[in-house]
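Here is a walk through one protein model, written for someone who likes the cut-offs spelled out. Have the coordinates open as you read.

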Amino acid sequence: MPLTLSRGEQPQVDLEVKRSHFLGRAERTDDEEAARAFIARIRAARPDARHHCSAFVVDAPGARPVERSNDDGEPSGTAGQPMLEVLRGTGLTNTTVVVTRYFGGTLLGTGGLVRAYSQATAQALAAATRVRLERRHLWELRTPVSQAGRLEAGLRNPGATRGHPESVGSVGGLTVEETRWGSTHAVVVVSTNSPDPRPLGELLASLTQGRVTPEPAGSRVVERPL
């Protein structure tokens with residue numbers, strides 16, 4: 001599953017090269033609008049800086065990821081593109097990096113600029129907190145109130161309930177999310193790694209003698225810390 005950054009502000013790094021300072025910061029940006037807003041925010045916070053070079057990769061539903069870079073006045077190909085190549089190499093998505101440069105009075109040359117912007121980008125991304133995105137598939141299990149507690153216990157520890165410890169984990173990533181109680185029936189909501197209902201259906205057949213079947217209830221994306 002994709003890697004990205006956790007939400008919220010990430011650390012800033014300060015790379016000094018021949019008295020020029022390259023301030024690098026990365027942020028989670030879930031679309032192009034958010035990426036451009038982050039770049040604008042950094043620019044507005046440091047209006048006295050000479051350059052605010054940037055690169056981002058964001059997902060586009062049903063299409064290839066959107067990738068953009070900007071040299072912001074530096075010689076063409078010395079800042080934005082090297083930054084984008086570093087970002088690509090991390091495998092991160094929905095991520096934007098901005099490197100702000102304060103000129104120190106000494107020209108760095110083409111190669112020096114490429115190295116400085118690449119290093120500042122790499123350091124900013126290394127300092128940021130990463131998460132893995134995971135899609136969870138939701139299922140609703142409707143059962144009489146009198147049976148809900150037993151069903152929930154069986155779902156939380158299927159091996160113990162069935163007397164076969166090796167069966168635990170046969171339903172990939174099975175998690176009990178919540179139980180909604182009604183007057184006569186309860187709905188146990190669970191999530192799994194797979195959209196295939198058959199493994200969960202087989203477990204339910206064993207736990208309830210076929211009286212409960214899984215009903216699909218959509219999916220959601222969760223973040224797993226690395």
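## The S4–S5 hairpin

In the hairpin formed by S4 and S5, two residues sit between the strands, and Gly-62 has a positive phi near 75°. Strands here are DSSP runs of E with at least two residues, helices are runs of H or I with at least four, and both are numbered from the N terminus. S4 and S5 run antiparallel and are joined by six bridges; Ala-55 has Ser-69 of S5 as its bridge partner.

A word on ground rules: this is a predicted model, so local features need pLDDT of at least 70 and side-chain atom pairs count only at pLDDT 80 or more, while totals for chains, interfaces and linings use all residues. Residues are numbered from 1 along each chain as its sequence is written, and side-chain values use heavy atoms, with hydrogens and water left out.

## The sheet and what packs on it

S2 and S3 (residues 20-28) run antiparallel through five bridges, and Glu-16 has His-21 in S3 as its bridge partner.

Contact means heavy atoms within 4.5 Å; axes are lines fitted to C-alpha atoms, for helices over the stretch in contact, with angles from 0 to 180 degrees between N-to-C directions.

## H2 against H3

How do H2 and H3 pack, and how far apart are their axes? The angle is about 35° and the axes are 8 Å apart. On the H2 side, the contact is made by Pro-82, Met-83, Val-86, Leu-87 and Thr-90; H3 brings Val-114, Tyr-117, Ser-118, Thr-121, Ala-122 and Leu-125.

Within H2, Gly-80, Pro-82, Met-83, Leu-84 and Leu-87 are buried (under 20% relative accessible area with a 1.4 Å probe, protein chains only; exposed is over 50%, partly exposed in between). The buried residues of H2 pack against S4, S5, S6 and H3. Just after H2 comes Gly-91, with a positive phi of about 80°.

## The cores

The largest nonpolar core has 22 residues, and Phe-22, Met-83, Leu-92, Val-97, Val-99, Tyr-117 and Leu-125 have the most contacts inside it. Such a core is a set of buried Ala, Val, Leu, Ile, Met, Phe, Trp, Tyr and Cys residues joined through side-chain atoms within 4.5 Å. S1 (3-5), S3, S4, H2, S6 and H3 (109-127) each supply at least two residues, and H3 gives the most, with five. Apart from this core lies another, of 13 residues, including Trp-139 and Leu-207.

## Arg-46

Arg-46 is in the loop between H1 and S4 and counts as partly exposed, at 28% relative accessibility. Leaving aside neighbours within four places in sequence, Arg-46 is in contact with Gln-12, Leu-23, His-52, Thr-100 and Tyr-102. Arg-46 and Thr-100 are 54 residues apart along the chain, with 8.2 Å between their C-alpha atoms.

Definitions and conventions: Pairing = 2+ DSSP bridges.
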